[in-house]
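I am opening a notebook on this chain and will set down what I looked up, entry by entry. The order runs from the whole fold to single contacts.

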Amino acid sequence: MTQDSPRTPSSSGASETARTQRTEVRWSTHTRDDVTIECGSVGEGYPVVLLPSLGRGAQDFAEVAQHLAADGFRVLMPQPRGIGRSVGPMEQVTMSDLAADVALVMDALLDEPAVVVGHAFGSQPARMLAVERTDLVRGLVLAAASAGKMPPGAAEAPFSRLRAEIDGSGDPSLPEEERVRCLQAAFFAPGHDPRVWLDGWSWPTHEIQAHARRTTDVDAYFEAGGVPVLDLQAEHDAVVIPGVLRPLLGERVSVQVVRDAGHALLPEQPRAVSEAVASYARALLTADRP
């Protein structure tokens, strides 16, 4: 089943509410061997875990997290290695390592499985987490997420669409105007200002995550541990080829489209994203009741 999320003006209403009624984010660190992961936590209720895109951190979910907290959820936002106080080995990092970083904070802070939201690249460690620690994952929301496989007959390789623009968006060696061009081409819907994402990038984090993507067979995580999946698509996503997950994974995949959004999605339509996540989480909770 495919559903549409209506456009929510991202520059008024919802953002203003979040600014005037913000709930304090509590930050903590959690260590296993030579890895320390910083995690923000906000709200109380059923847990939702938010994993950001390639080379980016938890700040991308700031508005989404506030809306979810106001809607009665406890939100966890682990920082990837290399961002904030999250540290660990930065060479030969695998997708399993990145999933284990998320499991580290979930084991420390939660006593029940959560809905895990992976935005773009974040969908890959989210799916690996569901494979390797199914006990932690009630369901997945894959937001503006490339499936990692292509439709039959497709000529291009997985994760290849606008690859130069994706990588260039956060490359500190490029001139600002070139980065703006990359951001507009890869991430933002027509009429949206890509400059809001000039900041917030970590190139070392980008590099370890890109290495994990390149060296991990997509079949290692594609099935996502058999858990329910919401394929949350953006209407103007120039990166993702839609309609791949449900034909391959079957009816456990639901599909919803957020209008007036591109691959960046979160800064463009934070309220629509939070509403989609909240609705999906509540549906899973209802299904669990006897």
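**Entry 1: what I am looking at.** I am working from a predicted model, in which local features need pLDDT of at least 70 and side-chain atom pairs count only at pLDDT 80 or more, while totals for chains, interfaces and linings use all residues. Residues are numbered from 1 along each chain as its sequence is written, and side-chain values use heavy atoms, with hydrogens and water left out.

**Entry 2: the whole chain.** I looked up the secondary structure and found 9 helices and 9 strands in the protein chain; helices (H or I, at least four residues) and strands (E, at least two) are DSSP runs, numbered from the N terminus. The C-alpha trace spans about 50 × 45 × 40 Å along its principal axes. For the radius of gyration, taken over C-alpha atoms, I used the globule rule of 2.2 Å times the number of residues to the power 0.38. With 290 residues, that rule puts a compact globule near 19 Å, and the 17 Å of the protein chain agrees.

I then looked up burial, where buried means under 20% relative accessible area, exposed over 50%, and partly exposed in between (1.4 Å probe, protein chains only). Buried residues make up 56% of the 290 residues in the chain. For contacts (heavy atoms within 4.5 Å), I noted that residues 24 or more positions apart account for 74% of those with a separation of 6 or more.

**Entry 3: helix α7.** The expected span of a helix is 1.5 Å times one less than its number of residues. For the 13 residues of α7 (residues 203–215) this should give 18 Å, and the end C-alpha atoms are 18 Å apart, which agrees. I listed the buried residues of α7 as Thr 205, His 206, Ile 208, Gln 209, Ala 210, His 211, Ala 212 and Arg 213. What covers them includes α3 (95–109), α4 (123–132) and α5 (163–169).

**Entry 4: the nonpolar cores.** A nonpolar core here is a set of buried Ala, Val, Leu, Ile, Met, Phe, Trp, Tyr and Cys residues joined through side-chain atoms within 4.5 Å. In the largest one, of 56 residues, those touching the most other members are Val 49, Met 106, Val 116, Leu 129, Val 137, Leu 140 and Phe 187. Helix α3 gives the most to this core, with 8 residues. A second, separate core of 33 residues includes Val 42, Val 64, Val 258 and Tyr 280.

Ala 99 lies in helix α3 and counts as buried at 2% relative accessibility. Not counting residues up to four places away in sequence, Ala 99 touches Pro 125, Met 128, Leu 129 and Glu 132. I also checked Ala 99 against Pro 190, which is 91 residues away in sequence and 34 Å away in space, C-alpha to C-alpha.

**Entry 5: strands β8 and β9.** Two strands pair if DSSP finds at least two bridges between them; β8 and β9 pair in the parallel sense over 6 bridges. Val 229 has Val 253 as its bridge partner in β9. Because 5 of the 6 residues of β9 (residues 253–258) are buried, this strand is largely enclosed by the rest of the structure.

**Entry 6: salt bridges.** I counted a salt bridge where a side-chain nitrogen of Lys or Arg is within 4 Å of a carboxyl oxygen of Asp or Glu, and the count comes to 20.

Which parts of the chain does the pair of Asp 101 and Arg 32 link? Their side chains meet in a salt bridge at 3.7 Å, N to O, and the pair links helix α3, which holds Asp 101, to strand β2 (residues 26–32), which holds Arg 32, across 69 residues. Asp 101 counts as buried at 5% relative accessibility, whereas Arg 32, at 28%, counts as partly exposed.

Asp 71 and Arg 271 meet in a salt bridge at 3.2 Å, N to O. Asp 71 lies in the loop between α2 (62–70) and β5 (73–78) and Arg 271 in helix α9 (residues 270–288), so the pair ties together parts that are 200 residues apart in sequence. Asp 71 is partly exposed at 23% relative accessibility.

Asp 219 and Lys 149 meet in a salt bridge at 2.6 Å, N to O. Asp 219 is in the loop between α7 and β8 (229–234) and Lys 149 in the loop between β7 (137–143) and α5, so parts 70 residues apart in sequence are tied together. Asp 219 is partly exposed, at 48% relative accessible area, and Lys 149 is partly exposed as well, at 28%.
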